[in-house]
Amino acid sequence: MVLLNQRTGRYWQLNANGAQTLRRLLDGCTIEEIASGIAARHQIAPDQVHNDITRVIAQLQKAHLLEASR
């Protein structure tokens, strides 16, 4: 998945897990739900996946590609 910030013209490329995470966030899933699914599928500790998701969200928010939910 490729994201474009139309204001800056900057592109961001997400890998498969990043794209799935963004889609599920937009569908209303919680970070915990997403992390649990990815952790089970890839046999990774859920805490590590949660931290990775949180970091990606922070980067997308900093780039103004994702707004914090209210």
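Predicted model: local features only at pLDDT ≥ 70, side-chain atom pairs only at ≥ 80, totals over all residues.
**Entry 1: Asn5**

I began with Asn5 and found that, leaving out residues up to four places away in sequence, it touches Arg10, Ala63, His64 and Leu65, where contact means heavy atoms within 4.5 Å. Asn5 sits in strand S1, residues 2-5, and I note that helices (H or I, at least four residues) and strands (E, at least two) are DSSP runs numbered from the N terminus. Asn5 is buried, with a relative accessible area of 6%; on this scale buried means under 20% relative accessible area, exposed over 50% and partly exposed in between, with a 1.4 Å probe and protein chains only.

Residues are numbered from 1 along each chain as its sequence is written, and side-chain values use heavy atoms, with hydrogens and water left out.

**Entry 2: His64**

I then turned to His64, which lies in the segment after H3 and, with residues up to four places away in sequence not counted, touches Asn5 and Arg7.

**Entry 3: positive phi**

Which phi does His64 have, positive or negative? I found a positive phi of about 60°, although His64 is not a glycine. I noted this because most residues other than glycine have a negative phi. Gln43 also has a positive phi, near 55°, and is a residue other than glycine. Gln43 is in the loop between helix H2 (31-42) and H3, and at 76% relative accessibility it counts as exposed.

**Entry 4: Gln13**

Gln13 belongs to strand S2, residues 10-13, and counts as exposed at 70% relative accessibility. Leaving aside neighbours within four places in sequence, I found Gln13 in contact with Met1 and Val2. Gln13 and Val2 are 11 residues apart in sequence, and their C-alpha atoms are 4.4 Å apart in space.

**Entry 5: the largest pocket**

I next looked up the largest pocket, whose volume is about 230 Å³. For the method, on a 1 Å grid over the protein atoms alone, a pocket is an open set of points where a 1.4 Å probe fits, with protein on both sides within 12 Å along at least five of seven lines, and lining residues have an atom within 4 Å of a point. Grid points are joined across faces, edges and corners, and the volume is the space filled by probe spheres set on the points.

The lining consists of Leu14, Asn15, Asn17, Gly18, Thr21, Ile38, Ile44, Gln48, Val49, Asp52, Ile53 and Val56. Helix H1 (16-26) and helix H3 (46-62) are the elements that give two or more residues to this lining. Which of the elements gives the most? H3 does, with five residues. By class I recorded six nonpolar, five polar and one charged residues in the lining, where Ala, Val, Leu, Ile, Met, Phe, Trp, Tyr, Cys and Pro count as nonpolar, Asp, Glu, Lys and Arg as charged, and the others, Gly among them, as polar.

**Entry 6: Thr21 and Gly18**

Two of the lining residues, Thr21 and Gly18, I looked up in more detail. Thr21 is in helix H1 and is buried, with a relative accessible area of 6%. A polar atom of the Thr21 side chain lies 2.8 Å from the backbone oxygen of Asn17. Residues up to four places away in sequence aside, Thr21 touches Ile34, Ile38 and Ile53.

Gly18 is also in helix H1, and it is buried, with a relative accessible area of 12%. From Gly18 to Ala63, which are 45 residues apart along the chain, the C-alpha separation is 15 Å.

**Entry 7: the salt bridge**

How many salt bridges does a search of the whole structure find? I recorded one, taking a salt bridge as a side-chain nitrogen of Lys or Arg within 4 Å of a carboxyl oxygen of Asp or Glu. The side chains of Asp52 and Arg55 meet in it, at 2.6 Å from N to O. Both residues lie in helix H3, three residues apart, about one turn of the helix. Asp52 is partly exposed at 29% relative accessible area, and Arg55 counts as partly exposed at 46%. Asp52 is also listed in the lining of the largest pocket.

Methods:
Polar contact = N/O pair within 3.5 Å; in protein donor to acceptor, adjacent residues only side chain to side chain.
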